[in-house]
Amino acid sequence: DDNFRSIVSAVKWGRNVYDSIAKFLQFQLTVNLVAISTAVIGAVVLEESSLTAIQLLWVNLIMDTFASLALATDAPTEAMLKRKPYPRTKPLISERMLKHIVGQAIFQLTVILTMTFAGDKIFGIDSGRKYDRPVGTTGPSVHYTMVFNTFVFLQLFNEINSRRIHDELNVFEGIFANPIYLGISVVQVVFQVLIVQFGSLVFSCVPLDVTQWIICLVIGALSLPVGLLLRLITLPASFTVCQETAPVAHVPTDRTKELWIRGFKRLRTQIRVIRAFKRTLSQRKLSQFE
């Protein structure tokens, strides 16, 4: 297809696919880093994790299935054509993405660990930790349910941050023009409410009251201002973690030289044929006028 509009559309969609992969990687790596760190620290310090295996499976479902669908449905914009093309040696995880991955992971891990080790005192509830529970208490606790609920909402709000990977300040741009993203977000929230309020046997949760839900939502929403703060931070020029790799040197072989020579000969022959054809047409026109 030699239509220029088709070429522009292909470039636009190609860049959109690249950005969609980068968005998903930024979101997924953040979730993995926080989840693994929480599980390891809990196992070492408390001899148990504040997040159960079933809860982590639900988080993985959010991360792998819903997030991949949501972050891949943004339509390409004209602004994508204003960016310079990416070189082949550019790493998929850029320095800006790494800044958000590490920054959000540190923030989320701080929140989850604070709630795990001091949440019972902060919110005035019984501790869910193994050796600090009230005597005779068994089963799931409000304490760990709030930890799990807050962890999920941290990811859901960070999913909004991951919609923009080039430090754009407005992460909500175009969000209402994407009904698939909005629909998936609603489904995630509805499932989370059902899991917490009615999934006690399977997901080790205790129904939360309105105040506890508001606390979890507010803490989870803090991912948005943290993301804005990270966007305002400019990395120094000396930051060289994710630099372009050196291009592989191409050493021409005898076969390559032979193909180039053959190609030039064919091109020269075609040019001669075209010139001869033009001369023939010119001669015919002159003979007609005579």
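A search of the whole structure, which is a predicted model, finds one cavity of 30 Å³ or more. A cavity here is a set of points, on a 1 Å grid over the protein atoms alone, where a 1.4 Å probe fits but cannot get out. The largest cavity holds about 30 Å³ of space, the volume being that filled by probe spheres set on the points. Its lining, made of residues with an atom within 4 Å of a point, includes Thr38, Ile41, Leu113 and Phe117. By class, four lining residues are nonpolar, four polar and one charged, with Gly counted as polar and Glu as charged. Helix H1 (4-45) and helix H3 (95-123) each supply at least two residues of this lining; helices are DSSP runs (H or I) of at least four residues.

Helix H8 (residues 223-232) has a buried side. Ser223, Leu224, Val226, Gly227, Leu230 and Arg231 are buried in H8, that is, under 20% relative accessible area with a 1.4 Å probe and protein chains only. These residues lie on the same side of H8 because they cover an arc of only 160° around the axis, judged by the directions from the helix axis to the C-beta atoms. They pack against H3, helix H4 (142-161) and helix H7 (210-221), contact meaning heavy atoms within 4.5 Å. The face turned away from the buried side carries Leu229 and Leu232, which are exposed (over 50%).

The protein is divided into domain 1 (4-232) and domain 2 (251-289), with bounds from an automatic or database domain assignment. Their centres, taken over C-alpha atoms, are separated by 61 Å.

Residues are numbered from 1 along each chain as its sequence is written, and side-chain values use heavy atoms, without hydrogens and water. In this predicted model, local features need pLDDT of at least 70 and side-chain atom pairs count only at pLDDT 80 or more, whereas totals for chains, interfaces and linings use all residues.

Notes:
On a 1 Å grid over the protein atoms alone, a cavity is a set of points where a 1.4 Å probe fits but cannot get out, and a pocket is an open set with protein on both sides within 12 Å along at least five of seven lines; lining residues have an atom within 4 Å of a point.
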